[in-house]
Amino acid sequence: MNKRLFIFPLLAVVIIASSILAYWYYFSKPTEFPKSDQLLEKIHRVFPEASPKVIQDSIAIDERHRFVPFISKDDKYGVSYWQWENHKWKVVSIETTGDVHVWKIDNNDPSTFYLLWNFHPDDQVNQLKFYMIRDRGYHGANRQLWYEPRIQIEKKVEQKKSYGVLKMPKEWAASMSSFSQAGPMEQTGLFSNGILFNAGMYFGYIPYDQSGKVARTMNSANGSGFQNGNFNQEYVRQLSESEIEKQ
């Protein structure tokens, strides 16, 4: 009896201590974000191929996520993605080029999606037009045939710096959510998983130079990268003007 009286309080103490430790480890508020020299050291240590030289900026996506564009020693414009994870700031992705990608903070919630990029200045990108598209088509299942009209939504962004962040427009997020919930869905998107794939939708963009001509982004493509941990990203395809339907 005396032994039980001793064990139960001890077990309670262990449970409470474990809960406090788990909360501290997984849910505690982030500490101050690392300084530029610390970011350079970390990027170089986990992915030496990036050869970072200059941190251009540190952009808060939210309290636990940061986007950090950088310039390498060989004049490449790269990007890195950081998130507060397991009680520390962790770099979850590094890329040696800055072509457009979507960072999906919550893979199932389009309102948490962000478009991010860092184009080399030699590519002379002055304006970006982003598109969310679902191609029209006929689909069938269970002896039923239905037609899906094309969806094309455009968002124009003026390029002020080499890098940029665009939070998913509200109408885009709402469209993705509604179409992913409606059925039946034909899985014809470009992506291998996630809500875009289920909705048959995809993102694209067209870069323009100062004269209004389509810019060539030769200096911002074909690099290498590193990923680690819980990280959801989708590639955004560069479109040609012939793929866009006039409104």
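1. Y147 counts as partly exposed because its relative accessibility is 43%, where buried means under 20% relative accessible area, exposed over 50% and partly exposed in between, with a 1.4 Å probe and protein chains only. Y147 belongs to strand β10 (residues 144–148), strands being DSSP runs of E with at least two residues, numbered from the N terminus. Together with Y138 and L145, Y147 makes a nonpolar surface patch of about 400 Å²; such patches are made of residues with over 30% relative accessible area and no salt bridge, with nonpolar side chains joined within 5 Å. A salt bridge here is a side-chain nitrogen of Lys or Arg within 4 Å of a carboxyl oxygen of Asp or Glu.

2. This is a predicted model, in which local features need pLDDT of at least 70 and side-chain atom pairs count only at pLDDT 80 or more, while totals for chains, interfaces and linings use all residues. Residues are numbered from 1 along each chain as its sequence is written, and side-chain values use heavy atoms, with hydrogens and water left out.

3. The structure holds 12 aromatic pairs, a pair being rings of Phe, Tyr or Trp (its six-membered ring) with centres within 6.5 Å, called stacked if the planes are under 30 degrees apart, edge-to-face if over 60 and tilted for the rest. One of them joins Y81 and W103, whose ring centres are 5.0 Å apart and whose planes stand at 90°, so the pair is edge-to-face. This pair links distant parts of the chain, since Y81 is in strand β4 (residues 77–84) and W103 in strand β6 (residues 101–104), 22 residues apart. Both Y81 and W103 are buried.

4. The rings of F119 and Y205 have centres 6.0 Å apart and planes at 45°, so this pair is tilted. It also links distant parts of the chain, 86 residues apart, with F119 in the loop between β7 (113–118) and β8 (127–134) and Y205 in strand β13 (residues 202–208). F119 is buried, with a relative accessible area of 1%, and Y205 is buried at 0%.

5. F33, W82, W84 and W89 are linked into a cluster by ring pairs. The charged end of R66 sits over the ring of F33, 4.8 Å from its centre, which requires CZ of Arg (or NZ of Lys) within 6 Å of the ring centre and within 35 degrees of the ring normal.

Methods
Patch = residues over 30% accessible without salt bridge, like charges linked within 9 Å, V, L, I, M, F, W, Y side chains within 5 Å. Areas by Shrake-Rupley, 256 points an atom, 1.4 Å probe, with all protein chains shown as cover. Helix = DSSP H or I, 4+ residues; strand = E, 2+ residues; numbered from the N terminus.
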